[in-house]
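Thank you all for coming. Please take a moment to look at the sequence and the model, and then we will walk through two places in it together.

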Amino acid sequence: MSTATTTPVGRMTALARAELTLLGRSKGTLFAALFVPLLLPFSVQQAAKGMDLAEAGLTLGTVVLPASIGFSLLFAVYSTLVAVYTGRREELVLKRLRTGELRDREILAGAALPAVATGLAQCLVLAVGCAVLLDVGAPRAPHLAVLGLVLGLVLCAALAAVTASFTRTVESAQVTTLPVTFLSMISSGMFVPLEMLPDRVASVCELLPLTPVITLLRGGWTGELSAYEVIGPVVTGLAWTVLGVLAVRRWFRWEPRH
Amino acid sequence: MNTNEHEHVIEVTDLRRVYGGGFEAVRGISFSVDRGEVFALLGTNGAGKTSTVELLEGLARPAGGNVRVLGHDPYAERDVVRPRTGVMLQEGGFPSELTVAETARMWAGCVSGAMPEAEALELVGLGRRAKVRVKQLSGGERRRLDLALALLGRPEVLFLDEPTTGLDAEGRRDTWELVRELRDAGTTVLLTTHYLEEAENLADRLAILHEGRIAAAGTPAEVTAAQPSRITFELPDGWFMGDLPPLDAMGVCEHEVDGRVVRLRTRELQRTATRLLVWADAAGVELRRLDVRSASLEEAFLGIAREAAEAAETKEYAA
C-alpha cells in the first residue's frame, strides 16, 4: 500500500492535466483561445497605420505587439477561464473537488494552468512573430516585459474568477465577459495607445485593470520607462490583483444556485 | 492522540446549521459513531440529512455545536482529517467529457495513499467502462464511479450521501455488499438514505431525522421496538367493533375503523393476536384479509412522520 501524501503541486498538476484534456475536447473554447488572439492583431495593424505614431515616440511594432499580447490575455486566458470556472461549477465539479484534499486556491489555480500556459505560449509566438514581421526586435527592458506578462496572466485569472462569480451558465459567460473585454480593448491602450489620447482621458484609462499590463509590456520593448514611471502601473496592477483575490474570496460561488 | 478516537470516530454534539436566508436546517442534533460501524441518517427530503453530512465532511462551518471526526474538527483541521476520509456526494460532479479512467486518474492525483485507479474501478464493477466518457454513463454507473473515487484513498471514514439512489436492485445489493466488506475491514461508514430497507439491512445503528432534529435513534431493532405492532382485518357484515372482546383486555393500545376494515395497534402482539383469533374461532367469524405484523422500520418511520404532522396541525389550530 502506498502511503504517499499529496502535495499542493501534485494535486494541482493532476487537476491541470484533466483540464488540459478537457480544453482539447472543447472545440469552441479551443478555437476562441487559439485563433482569435492571433487574428485580431491584423485589425490593430490597420488602425495603427492611420495614426501619427512617430510623434508619440512609438512604432507600428510597439503598438501592435502589446495589443496582441493583450488580446491573448483577454481571449486565451480571461474569457476561457470564465467559461471553465462557470462550467465546472454547473457540473458540480467544483463542489466535488472541495470534498477532497485540494484547497480552494489550488482548485482555482490548477484549473487555470492550461489556459495560462496557452496564453503564455501565444505571447511567445506573438513576440517572435512581431520581431520577425514588424521588425520590433528583442525587448530593450526584458524585466518589464516579463513583469507585465506575469502581472497580466495572474490578473486575468483573478478577473476570470470574479466574473465567474456573477455568471450563471457557460452561455451567459459570452455576455458577462464583454465589459472587461471591450473596456480593456478600447481604453487600456490596445487599439489606441494612451499616448494618443487627451491627458485627462488617459489618466482615467491608466486606472483600468489591464492598462498597467500594456504599459509595462510596451515599456519593455521601447525601453523608455524610467524606474519612477514603472511605479504607477505596478501599484495599479497589484491593487487590481489584490482586489480581485478579495472579491473571489467574498463572492465566488462553488455550487450552482438552487 | 486520545483514546477517544478509537471509540468514537464521529462525535456530534448539539449541532446546528443555519443557511443564509435564516433557515435552520439542523436544529441541535447529537450522536456518535464508533469505529467499524455503519451508521445511517434516515429522513424524508428536507429533513436535514445532507446539511448534516456536509458539516461532518468539513464543507461548512456549523452555526452552533461541535463536530469531531477522528478526534479533530473537520472544518478547522481539514489538513489532518481530509486524507483519512472519503466522500460520495448526493450528485456526481464529474466533467462530462472526461473518460472514467481519466476522472479516476485526476482524483487519484489529489488523494493521499491512493490505490491504483483500476483497482478502485474494479471494486465497483466499472473496470470495463474505463474508456467511456462520463456523459455516456447511466445514472447508476455514475453513482458507482462516485463510490470508486470515495474509496480511492482507502479512507478510515466514509461518508455516503444516498449511495444507491438511481441504482437498480442488483446494483443496490452490490453496493450493500461492498459497504459490508468495508465495514468488516474496519472502515467507519456514515450514510444517508431515504430507503428504509437500506437502513434496516445495512446499518448497525441509525437516527431518524425530522425537520432538523433526531426523532428516534438506536439499532434498527431498538427503533422498531419502540413502535407498536399492527393487526389489520375486515369484519364481515353484521359484526361490529362492539362485538369484539374489550380492547384493553386484548392489549390493544390504539384502534382505527375504516368502513369494515379494523386496524389495531399493540405492544403485545402475541397476546392481542391470540385473544382475537380465539374470539373469532369461538364466534365463528371469518376475519378476511387478516394481516398481523411486527413493527418494521417503515412503520416506525411513518409513525414519526405522522406524529410530527399531527403536532404541526395542533400548533396550527392553537394559532
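In which helix of chain A does A:Phe31 lie? Before I answer, please keep in mind that what we are looking at is a predicted model. A:Phe31 lies in helix α2 of chain A, and α2 covers residues 27-34.

How exposed is this residue? A:Phe31 has a relative accessible area of 49%, and because exposed would require over 50%, we call A:Phe31 partly exposed. A:Phe31 also belongs to a nonpolar surface patch of about 520 Å², which it makes together with A:Leu34, A:Phe35, A:Leu39 and A:Phe42. Two helices of chain A, α2 and α3 (36-49), each supply at least two residues of that patch.

Let us now turn to how these two helices sit against each other. The axes of α2(A) and α3(A) come within 4 Å and cross at roughly 40°. On the α2(A) side, A:Phe31, A:Ala32, A:Ala33 and A:Leu34 take part in the meeting, and on the α3(A) side their partners are A:Val36, A:Pro37 and A:Leu38. Sorted by class, this contact has seven nonpolar residues, with no polar and no charged ones.

Is B:Thr224 buried or exposed? With a relative accessible area of 10%, B:Thr224 is buried, because the cut-off for that word is under 20%. If we leave aside its neighbours within four places in sequence, B:Thr224 is in contact with B:Ala295, B:Ser296 and B:Leu297.

Conventions
Residues numbered from 1 in each chain as written. Chains lettered and ligands numbered in written order. Predicted model: local features only at pLDDT ≥ 70, side-chain atom pairs only at ≥ 80, totals over all residues. Heavy atoms only, no water. Buried < 20%, exposed > 50% of the residue type's maximum accessible area, 1.4 Å probe, protein only. Contact = heavy atoms within 4.5 Å. Patch = residues over 30% accessible without salt bridge, like charges linked within 9 Å, V, L, I, M, F, W, Y side chains within 5 Å. Areas by Shrake-Rupley, 256 points an atom, 1.4 Å probe, with all protein chains shown as cover. Salt bridge = Lys/Arg side-chain N within 4 Å of Asp/Glu carboxyl O. Axes fitted to C-alpha atoms, helices over the stretch in contact; angles between N-to-C directions. Nonpolar A, V, L, I, M, F, W, Y, C, P; charged D, E, K, R; others polar.
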